[in-house]
Amino acid sequence: MAKIIGAVEINRERCKGCDLCVVACPCDVLALQPKEVNDRGYHFVTDNNPEKCIGCAACATVCPDGCITVYRLVEK
């Protein structure tokens, strides 16, 4: 049986660090970057545990700026 895994793509330059996606993620994949900032001066979101992503797209749904794209990959 094929296993479905997720992949998160984050536009770090558009991210304003609102933390909504981090809270919405049920698998603890995302976290705010504590030390680095983007060109706009915001702490951006990064995928700390990409292997845990199930592709539910909850993070992309709540992102007010559309910075997150989620892909669902079929692993055979």
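**Notebook: salt bridges, core and loops of a predicted chain**

I began with the salt bridges and found that the side chains of R12 and D47 meet in one, at 3.6 Å from N to O. I counted as a salt bridge a side-chain nitrogen of Lys or Arg within 4 Å of a carboxyl oxygen of Asp or Glu. R12 sits in the loop between β1 and α1 and D47 in strand β3, so the pair ties together parts that are 35 residues apart in sequence. Helices (H or I, at least four residues) and strands (E, at least two) are DSSP runs, numbered from the N terminus.

I note the basis of these entries: the model is predicted, local features need pLDDT of at least 70, side-chain atom pairs count only at pLDDT 80 or more, and totals for chains, interfaces and linings use all residues. Residues are numbered from 1 along each chain as its sequence is written, and side-chain values use heavy atoms, with hydrogens and water left out.

**Entry: the salt bridges**

I looked up how many salt bridges the structure holds. The total is two. In the other entry, D65 pairs with K16, the closest N and O atoms being 3.7 Å apart. D65 lies in the loop between α2 and β4 and K16 in the loop between β1 and α1, so this pair ties together parts that are 49 residues apart in sequence.

I then checked the exposure of the four partners. R12 is partly exposed at 33%, and D47 is partly exposed at 24%. D65 is partly exposed at 25%, and K16 is partly exposed at 35%.

**Entry: T46**

I looked at T46, which is found in strand β3. T46 is buried, with a relative accessible area of 12%. Its side chain makes a polar contact of 3.2 Å with the side chain of R12. For a polar contact I required a pair of N or O atoms within 3.5 Å; within protein, one must be able to donate a hydrogen and the other to accept it, and residues adjacent in sequence count only if both atoms are side-chain atoms. Not counting residues up to four places away in sequence, T46 touches I10, R12, V29, L30, A31 and Q33. Contact here means heavy atoms within 4.5 Å.

**Entry: the nonpolar core**

Which residues touch the most other members of the largest nonpolar core? They are L30 and I68, in a core of 16 residues. β1 (3-10) and β4 (68-75) each supply at least two residues of this core. A nonpolar core is a set of buried Ala, Val, Leu, Ile, Met, Phe, Trp, Tyr and Cys residues joined through side-chain atoms within 4.5 Å. Leaving aside neighbours within four places in sequence, I listed the contacts of L30, among them V8, V22, V45, T46, D47 and I68.

**Entry: R40**

I located R40 in the loop between β2 (30-32) and β3 (45-47). R40 is partly exposed, with a relative accessible area of 48%. The side chain of R40 reaches the backbone oxygen of R14 at 3.0 Å. Beyond its neighbours within four places in sequence, R40 is in contact with E13 and R14. R40 and K16 are 24 residues apart in sequence, and their C-alpha atoms are 7.9 Å apart.

**Entry: positive phi**

Most residues other than glycine have a negative phi. I therefore recorded D28, which is not a glycine and has a positive phi of about 60°, against that background. D28 is found in the loop between α1 (20-24) and β2, and is partly exposed at 48%. A57, also a residue other than glycine, has a positive phi near 65°. A57 is found in the loop between β3 and α2 (58-62), and is partly exposed at 24%.

**Entry: the whole chain**

The chain has two helices and four strands, and the elements run β-α-β-β-α-β from the N terminus. The C-alpha atoms fill a box of roughly 45 × 20 × 20 Å, taken along the principal axes. Buried residues make up 29% of the 76 residues. Of the contacts between residues at least 6 apart in sequence, 62% join residues at least 24 apart.

Notes:
Buried means under 20% relative accessible area, exposed over 50%, partly exposed in between (1.4 Å probe, protein chains only).
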